[in-house]
Amino acid sequence: MKLVTFTKDGVSRIGAIENGSIIDLHRAFYEKLRAEGKLRARQIAEAYVPSDMVGFLQGGEESMNYAKQAVEFALSHDSDVPLVFKREEVKLNAPVPNPGKMICVGHNYREHILEMGREIPPYPVVFAKFANTIIGPEDDIPFYPISEQLDYEAEFAFVIGKRARNVSQAEALDYVAGYTIVNDVTYRDLQRRTLQWLQGKTVDGSAPMGPWLVTSDELADPSGLDIALFVNGEERQHSNTANLVFTVPYLVEFLSGLMTLEPGDVILTGTPGDVGVARNPQVFLKDGDVVRIEADKIGVLENRVKKVEVPS
């Protein structure tokens with residue numbers, strides 16, 4: 001499935017993409033239960049297919065199966081309330097708008113490591129972004145007047161589907177709910193003010209995510225996938241997940257050995273070479289630029305940069 005978080009009439013809920021349409025999963029499951037005469041249909045629907053993505057992912061495989069049943073019901077039954085929406089009737093948000101953890105891996109594509117003048121690290125370089133950075137596939141990237149060095153980073157990301165602690169690489173993919181795209185937008189001069197990168201990585205709106213979460217039953221193997229980034233139609237980055245130093249299974253094992261990973265946690269696997277700061281001459285994003293990321297078997301994430309005016 002392709003899972004989304006969307007807004008309709010000011011209300012946020014989760015859905016599934018089917019033939020270009022969006023199925024309201026919570027409402028469809030509730031209507032299915034009600035049609036079956038379940039006395040506690042509302043409570044059961046809220047428990048197993050809630051309206052928020054993290055709550056849904058906490059239900060694991062059981063909730064995924066119920067979601068598939070909800071899709072089938074919505075497409076084959078009439079309902080007093082709308083269960084299926086056209087794409088243009090809703091606003092797509094980030095698929096996981098409020099993760100408990102957002103863990104980023106730096107220096108993970110070989111060509112990016114070399115362009116930054118570094119050696120292959122023996123362990124993953126790990127840092128964090130927070131939920132305040134997340135915006136959706138239809139949102140503008142805010143460009144705050146705190147820097148002139150706004151940079152792009154195409155990232156293949158995965159989302160944890162069940163609690164993971166000390167998981168082996170052999171079992172790692174069983175703990176992945178699915179995959180999405182994130183742009184790790186970075187204020188480079190702020191990033192480099194100190195040895196820690198946090199300042200340049202956690203500005204509001206600096207993590208466009210989407211357009212959806214492709215579940216791991218649909219994308220079973222995260223290796224060998226092309227990823228490319230374009231600015232105003234010009235290709236700036238292009239690589240393949242086969243070039244990752246630390247693979248998805250490795251990262252699940254490594255990170256779950258450090259901390260308990262929870263459903264809905266988002267892990268960014270690193271960016272390919274040719275970020276703006278590493279080019280000669282350097283090139284940074286500016287107001288009006290359109291940044292497009294394409295990833296095999298996932299789709300396209302596209303956002304426009306918009307300068308934020310500060311009141312005088």
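Student: Which residues is Val291 in contact with, leaving aside its neighbours within four places in sequence?
Tutor: Val291 is in contact with Ile141, Asn183, Leu229, Phe230, Leu285, Leu301, Glu302, Asn303 and Val305, contact being heavy atoms within 4.5 Å. The model is predicted: local features need pLDDT of at least 70, side-chain atom pairs count only at pLDDT 80 or more, and totals for chains, interfaces and linings use all residues. Residues are numbered from 1 along each chain as its sequence is written, and side-chain values use heavy atoms, with hydrogens and water left out.

Student: Why does Val291 count as buried?
Tutor: Its relative accessibility is 2%. Buried means under 20%, exposed over 50% and partly exposed in between (1.4 Å probe, protein chains only), so Val291 is buried.

Student: Where is the place of Val291?
Tutor: Val291 sits in strand E18, residues 290-295. Strands are DSSP runs of E with at least two residues, helices runs of H or I with at least four, both numbered from the N terminus.

Student: In what order do the 5 strands form an open sheet?
Tutor: The order is E9-E19-E18-E15-E16, with mixed pairing.

Student: What makes E9 and E16 edge strands?
Tutor: Each of them pairs on one side only.

Student: How do you know that strand E15 and strand E16 pair?
Tutor: Pairing needs at least two bridges found by DSSP. E15 (residues 226-231) and E16 (residues 234-240) have 6 bridges, in the antiparallel sense, so the two strands pair. Across this pairing, Ala228 stands opposite His238 in E16. The hairpin has 2 residues between the strands, and Asn232 takes a positive phi near 55° there.

Student: What does the pair of Phe143 and Tyr187 tie together?
Tutor: Phe143 lies in strand E9 (residues 141-143) and Tyr187 in strand E13 (residues 186-187), so the pair ties together parts 44 residues apart in sequence. Phe143 is buried, at 10% relative accessibility, and Tyr187 is buried too, at 1%.

Student: Why is the pair of Tyr250 and Phe254 stacked?
Tutor: Their ring centres are 6.1 Å apart and their planes are at 15°, so the pair is stacked. The two residues are 4 residues apart in helix H9 (residues 248-258), about one helical turn. Tyr250 is partly exposed, at 21% relative accessibility.

Student: What makes Arg42 lie over the face of Tyr30?
Tutor: The rule asks for NZ of Lys or CZ of Arg within 6 Å of the ring centre and within 35 degrees of the ring normal. Arg42 is 4.6 Å from the ring centre and lies over the face of Tyr30. Lys162 lies over the face of Tyr175, also at 4.6 Å.

Student: How do you know that Lys32 counts as buried?
Tutor: Lys32, in helix H1 (residues 25-35), has 14% relative accessibility, so it counts as buried. Not counting residues up to four places away in sequence, Lys32 touches Gln69 and Phe73.

Note on methods
Phe/Tyr/Trp six-rings, centres within 6.5 Å; stacked < 30°, edge-to-face > 60°.
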